[in-house]
Amino acid sequence: MGSLKWLVLLAVSSLTASGAALAAQPWGPGYFPDVPLITQDGRTVHLYQDLLKGKMVAVNMIFTSCPDSCPLSTANLARVQRQLGDKAANIHFYSITVDPETDTPEVLKAYAEKFHAGPNWLFLTGKPDDIRLAQRKLGLWSSTDAEAPDAHLTSLTVGNEPTGQWMRQSTLDNPNFLAAKISTFLLGWQNQRGVAAQGYTEVPPITNTDAGRLLFRKTCAACHTIGKGEALGPDLQGVTARRDKDWLRHFIKAPDQMLEQQDPIAVELFARHNQVRMPNLHLGDEDVEALIHYFEQQGATPSGQSESSPIPPQSEGSLATP
């Protein structure tokens with residue numbers, strides 16, 4: 001009888017301990033607020049119960065009138081989503097606006113369509129206080145937000161709510177790297193095609209690590225191709241032959257200014273490419289020259305393709321640039 005009593009007490013103690021551990025879990029319902037948010041389709045959802053609980057997620061902050069980092073981040077994440085392929089069905093993407101007064105559900109819906117966001121990607125608005133609380137709890141708040149909400153971090157919070165695993169990446173990372181990082185973190189190495197079968201010695205070496213190529217991959221590849229056809233913006237192969245060099249330098253460095261000044265080429269590109277603005281990347285003169293040099297190295301305009309070619313109906317991947 002004494003031993004039975006001990007077993008009962010031990011079982012009760014174990015249940016109490018496990019319950020306490022569950023309650024103390026730092027990334028569960030006791031941590032994330034269940035504030036209401038509104039999707040681009042006008043549906044009300046709650047941050048924890050509907051968006052995070054039991055899910056693998058990737059979350060960032062945006063605002064649709066952002067002239068630089070937000071369009072680049074959104075285009076980059078659209079490429080990441082496509083790169084993930086079938087695995088993207090298991091990962092929920094959320095972009096929450098920091099400008100709810102401007103970014104109504106209708107505005108967010110148009111923005112999502114403009115960047116070809118996939119079906120598992122919600123664009124969200126809500127009350128300012130609820131958004132700020134969600135932003136803080138998701139690790140997407142910085143000291144700059146208190147001074148200027150539109151100076152938010154270009155960060156992506158990636159998490160697996162059931163396991164309590166969370167990490168933060170940059171939305172501006174190379175999309176291939178970012179897709180691999182997200183997939184590995186959320187789904188495990190066993191789901192990486194070819195990775196498990198390769199040793200480190202079998203991985204091909206990195207080549208052509210010149211400044212222009214690296215800049216292109218970091219700042220342009222989310223929005224442009226070189227020799228692979230038009231995307232959200234034109235194919236950049238042969239651009240140095242098609243454009244005056246001084247015009248090209250000015251456009252790469254300050255596309256927003258040229259559009260505001262109604263430069264005819266900038267206006268035409270903006271209209272032709274679904275009114276997607278090329279962001280001002282705040283590049284220095286050396287960076288601009290490195291990009292131009294890299295474009296020159298890529299050869300002539302692809303055979304049979306001209307800048308007046310029609311945009312493919314299912315074009316993907318770029319911002320409007322020369």
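Trainee: Which residues account for 72% of the contacts in the chain with a separation of 6 or more?

Mentor: Residues 24 or more positions apart do. Keep in mind that this is a predicted model.

Trainee: Okay. How many helices and strands does the chain have?

Mentor: There are 13 helices and seven strands. The chain has 322 residues, and 47% of them count as buried.

Trainee: Let's zoom in on S1. What does S1 pair with on the S2 side, and how many bridges are there?

Mentor: Three bridges join S1 to S2, which covers residues 44-46. The two strands run antiparallel.

Trainee: What sits between S1 and S2?

Mentor: Four residues, and the two strands form a hairpin. Gly42 is in the turn, with a positive phi of about 80 degrees.

Trainee: How many bridges join S1 to S5?

Mentor: Two, and that pairing is antiparallel as well. S5 runs over residues 121-125. Ile38 has Thr125 as its bridge partner there.

Trainee: Which residues of S1 are on the covered face, and which on the uncovered one?

Mentor: Leu37 and Thr39 make up the covered face. Pro36 and Ile38 are on the uncovered one. The background is simple: in a regular strand, side chains alternate between the two faces of the sheet.

Trainee: Take Thr39, then. Is Thr39 buried or exposed?

Mentor: Buried. Its relative accessible area is 1%, and the cut-off for buried is under 20%.

Trainee: What is Thr39 in contact with, leaving aside neighbours within four places in sequence?

Mentor: Val45, Pro105, Leu122, Phe123 and Leu124.

Trainee: What comes in the loop between H4 and S5?

Mentor: His116 has its place there. Look at its backbone: phi is positive, about 55 degrees, although His116 is not a glycine.

Trainee: Which other residue has a positive phi without being glycine?

Mentor: Gln262 is one, with phi near 60 degrees. Gln262 lies in the loop between H11 (255-260) and H12 (264-272).

Trainee: Is Gln262 buried or exposed?

Mentor: Exposed, with a relative accessible area of 54%. The cut-off for exposed is over 50%.

Trainee: Now a loop residue of another kind. Where is Leu140?

Mentor: In the loop between H5 (128-137) and H6 (143-147). Leu140 is buried, with a relative accessible area of 1%.

Trainee: How far apart are Leu140 and Ser155?

Mentor: They are 15 residues apart in sequence. In space the gap is 6.6 Å, C-alpha to C-alpha.

Trainee: Last topic, helix packing. At what angle do H3 and H7 cross?

Mentor: At roughly 55 degrees, and their axes come within 9 Å. H3 covers residues 69-84 and H7 covers residues 175-187. The two helices are therefore oblique to each other.

Trainee: Is that crossing left-handed or right-handed?

Mentor: Right-handed.

Trainee: Which residues make the contact?

Mentor: From H3, Asn76, Leu77, Arg79, Val80, Gln83 and Leu84. From H7, Pro175, Asn176, Leu178, Ala179, Ile182 and Ser183.

How values were computed: Residues are numbered from 1 along each chain as its sequence is written. This is a predicted model: local features need pLDDT of at least 70, side-chain atom pairs count only at pLDDT 80 or more; totals for chains, interfaces and linings use all residues. Side-chain values use heavy atoms; hydrogens and water are left out. Buried means under 20% relative accessible area, exposed over 50%, partly exposed in between (1.4 Å probe, protein chains only). Two strands pair if DSSP finds at least two bridges between them. Contact means heavy atoms within 4.5 Å. Axes are lines fitted to C-alpha atoms, for helices over the stretch in contact, and angles run from 0 to 180 degrees between N-to-C directions. Angles under 35 degrees count as roughly parallel, over 145 as roughly antiparallel, 65 to 115 as roughly perpendicular and the rest as oblique. A crossing is left-handed if the near helix is turned anticlockwise from the far one by less than a right angle, and right-handed if clockwise.
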